[in-house]
Structures are given as C-alpha cells and as structure tokens.
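Me: I would like to learn how to read a fold, one feature at a time. Could you walk me through this one?

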Amino acid sequence: MDTQVFFLINTLQAGGAERVVSTLAINFHNRKIPVTIVCLNKAKPAFKLPDDLKVVYLVKRNSNIISMRMFYAVLIFCKLTWLLISKKPDCVISFMTTANLWTGITCMLTHTDYIVSERTTPDHTINTFRGIRKWFSLLTYKNAKAVVLPSKGIENSLKTNAGFKTLKNYRIIKNPVNSCGDLSSTKVNNKRFILGVGRLSYEKGFDQLISAYKESGAKDIDLIIAGDGIERGRLIQQIESLDLQSNVKLVGQKENLQDYYSQAELFVLPSRNEGYPNALIEAMSMGCTCIAMDCEFGPAEIIKHNKNGLLIKDKDLSKLSGAISLLLKDQALKERLGVNARLVNNTNSVEAIARQWEELIFS
C-alpha cells in the first residue's frame, strides 16, 4: 500500500491522545501502511515506538517569552507547510485542538486531505474561542474530511457551539485498549490496594478519590495512585492533613501498569472531566472491577451501571465512598463486574479500532 499517512500531535509525552496516536501508528506501521508521526514540539516520547517508525519534530521549545513564541509559530508554519509540499501525504490526521488548527491552515493551503480529532471536553478549548479564533476553528473543522471524536458526549458539547451544530462530518471512533505487557508474579504492594491511574492534575480528581477513600473507612487496604503532574504537592498536603501517609501512596508513572491493574482490588476513576478515559478501559481489559464518576465525557459510554462496573453521580463523594465500601464487602458482585468488564477487549480492541480509522482515511 503506497498511501502515506501523517499523524500530527503536539508531543508524544504521557497523555491519552498521545497514547492513541502511538498505538494507531504502530498498528499501521506493523501492517506496512507508510506512516509518519509529526510532533509540533520536541519532547521525549512516553511510549515505546519501533526504531524504524519515522517521527518528525518541527521545533524544540526552550523559551516561552512572547517574541520566541512568535518565532516558533512562524517556524512551525514554514516547516509543516514544506513537509506537506515535499512529502505529499495522502491524509493528515491531527489530535487535540492546537494541532488541529495547525493542520487546518497548512492542509487547506497545500490542498491536502486532513482529519481532525478532539479528545477532551470542548468547554475548555473550542467552546471558549471568540472572534477570529472561533471563525478559523469552524472553517478548519468544516473543511476536514472528518471530525473524529471518542465519545458522543463530546459531539453533543461541540454542537452547543453556534456553527458547529450544522457540521455533517462528525464520526465517533472509540479509543483502543492498549495491550499491556506480560504479568509479573512480584507483588507491587505488600497489602491489598485500591488503584487510581492518571495525570496528577485538577481535572483528574484524585483529591476527590483521597477524600472518598478516607470517608469509606476502608481498613487494611491501601490507596495507590500511579501518575505524575503539577498537583502532586497539593495531593501530598491533603494526604498529610488527613493523616493518611501510611495508606495513600503516590507512586509516579509506572511501566508495569498491568501488574497494578491485575493485583488491585478496585480501580477508581474520580475525574472531573474526560474525553474518553484510557486508564478505565485498560483496567477493565485486565478484569479489574471499576468505579467511575459520571463526568463529561466517556465513562457513561463505557460503564453500564451494575453490569460491568459502577457509575457514580458526578462529584458525589458520599456515593463514591459508599461504592468503594460496597465492593470491598460484596465479593460476588465485585467478581461479576470484573468478569463483564473484560468484554471491553472485544469492543475496543486495537484491531477493531484501527480498521475503523483505516476505512475512514482511505474512503
């Protein structure tokens, strides 16, 4: 197959969109579909890529002053435009708003087919735009071959924005389940534990999980949170103020998450907002019993309450702590939900999701 595909994103650092791009690019590459990942900014990839999978970095930012930001913008525009002219990709697929706008301006200029993909709530990005930014984002999304979204909730949110309501090129493609590594027999914790996974940022809501864990009164069971981020210091302060230092552990990013998922008593997603939570479907794929806040967007499209997990009213910490207590006591319910959770391996397999992308790109 000679069709050349570009995946374009800001960086390949840790994050849900970055993981999806890496997973899809690897799948295409392994099936001999020519693919290149284009990153607006240079940063160390968080995910292992084949040595012969081509990655192009447009700039390496080392300053955030206004004059340098303008210089980087000009450099990105020139380099990306030249890349499209010289390599002539058949289609560019971009992820996240900033990358989508760069794709729009350069692909429309070079008459290159492109697909854009939003991965988080538009209320924090496009729906806040005004004036020329709003006009240009609408132009970019309107002229795209498709606007790919991981959840129906994101589409509904975009449609509250004047102009975006009339677009006819929306397409829902779920996130793929990432294949975890081989399981180890080594215990990751010397006690039973509840697990949370994700970036330590306000929207991920780990402060809510810590509070609910405290309220649940869980005994002889730890809370482990895997991930790094800017909220780490604040979470440490919260843990100390609740006198939970011996029970709540912030263990940082882990490459062997499969061991954490497989050994956890429960996985909890306490997010304030999501696009389509990768950590949730990863935990479910390992048969880990899951509880998720019904935040915008994604959890309600993944978890069927009391069938393959428990879905808790958004921001209701009392209900969250109650769900934790329930599943720790009701072993039969916990096991039934865990067994059903594994079915996500059928609906969200990498092979199935990659085929949907391939059909869209080559149609």
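Reply: Gladly; keep in mind that this is a predicted model. Let's start with a strand: in β5 (residues 114-117), Y114 and V116 point one way, I115 and S117 point the other way, and all are buried.

Me: Which strand does β5 pair with through four bridges, and how do the two run?

Reply: The general idea comes first. Strands of a sheet pair through backbone hydrogen bonds, either parallel or antiparallel. Here β4 is joined to β5 by four bridges, and the two run parallel. Within this pair, S94 stands opposite V116 of β5.

Me: What is the strand order of the whole sheet?

Reply: The sheet is open and has seven strands, in the order β3-β2-β1-β4-β5-β6-β7, with parallel pairing. At its edges stand β3 (54-59) and β7 (170-172); each has a single partner strand, so one side of each is left without a neighbour in the sheet. From one strand to the next, the twist averages 25°.

Me: How many bridges join β1 to β2?

Reply: Five bridges link β1 (residues 5-9) with β2 (residues 35-41), and these strands run parallel. For a residue to look up in your viewer, take F6, which stands opposite T36 in β2.

Me: Which strands does helix α1 lie across?

Reply: Helix α1 (residues 16-30) lies across β1, β2 and β4 (91-95), and runs at about 165° to β1. Helix α2 (residues 66-87) also packs on the sheet: α2 touches β1, β2, β3 and β4, and its direction makes about 145° with that of β3.

Me: Let's zoom in on α1. Is S22 buried or exposed?

Reply: S22, which has its place in helix α1, is buried, with a relative accessible area of 2%; the cut-off for buried is under 20%. Not counting residues up to four places away in sequence, S22 touches L12, F47 and L49.

Me: Now the hydrophobic side. Which residues touch the most other members of the largest nonpolar core?

Reply: In soluble globular proteins, nonpolar side chains tend to be buried together. The largest nonpolar core here has 32 residues, and L58 and Y141 touch the most other members. Helix α2 gives the most to this core, with five residues. Leaving aside neighbours within four places in sequence, L58 is in contact with V38, C39, L40, I76, K79 and L80. There is also a second, separate core of 28 residues, which includes F28, V35, I115 and A354.

Me: How many disulfides does a search of the whole structure find?

Reply: The search finds zero disulfides. C39 is in none, and the nearest cysteine sulfur, that of C107, is 16 Å away. C39 is buried, with a relative accessible area of 0%. C295 is likewise in no disulfide, and the nearest cysteine sulfur to it belongs to C290, 14 Å away. At 4% relative accessibility, C295 counts as buried.

Me: One last exercise. What span should helix α14 have, and how far apart are its end C-alpha atoms?

Reply: An α-helix has 3.6 residues a turn, so residues three or four places apart point the same way. For the length, α14 (residues 350-362) has 13 residues, and at 1.5 Å a residue it should span 18 Å; its end C-alpha atoms are 18 Å apart, which agrees.

Me: Which residues of α14 are buried?

Reply: The buried residues of α14 are V350, A352, I353, A354, W357, E358, L360 and I361. You have met one of these already: A354 is included in the second core.

Notes: Residues are numbered from 1 along each chain as its sequence is written. This is a predicted model: local features need pLDDT of at least 70, side-chain atom pairs count only at pLDDT 80 or more; totals for chains, interfaces and linings use all residues. Side-chain values use heavy atoms; hydrogens and water are left out. The expected span of a helix is 1.5 Å times one less than its number of residues. Buried means under 20% relative accessible area, exposed over 50%, partly exposed in between (1.4 Å probe, protein chains only). Two strands pair if DSSP finds at least two bridges between them. Axes are lines fitted to C-alpha atoms, for helices over the stretch in contact, and angles run from 0 to 180 degrees between N-to-C directions. Contact means heavy atoms within 4.5 Å. A nonpolar core is a set of buried Ala, Val, Leu, Ile, Met, Phe, Trp, Tyr and Cys residues joined through side-chain atoms within 4.5 Å. A disulfide is a pair of cysteine sulfur atoms within 2.5 Å.
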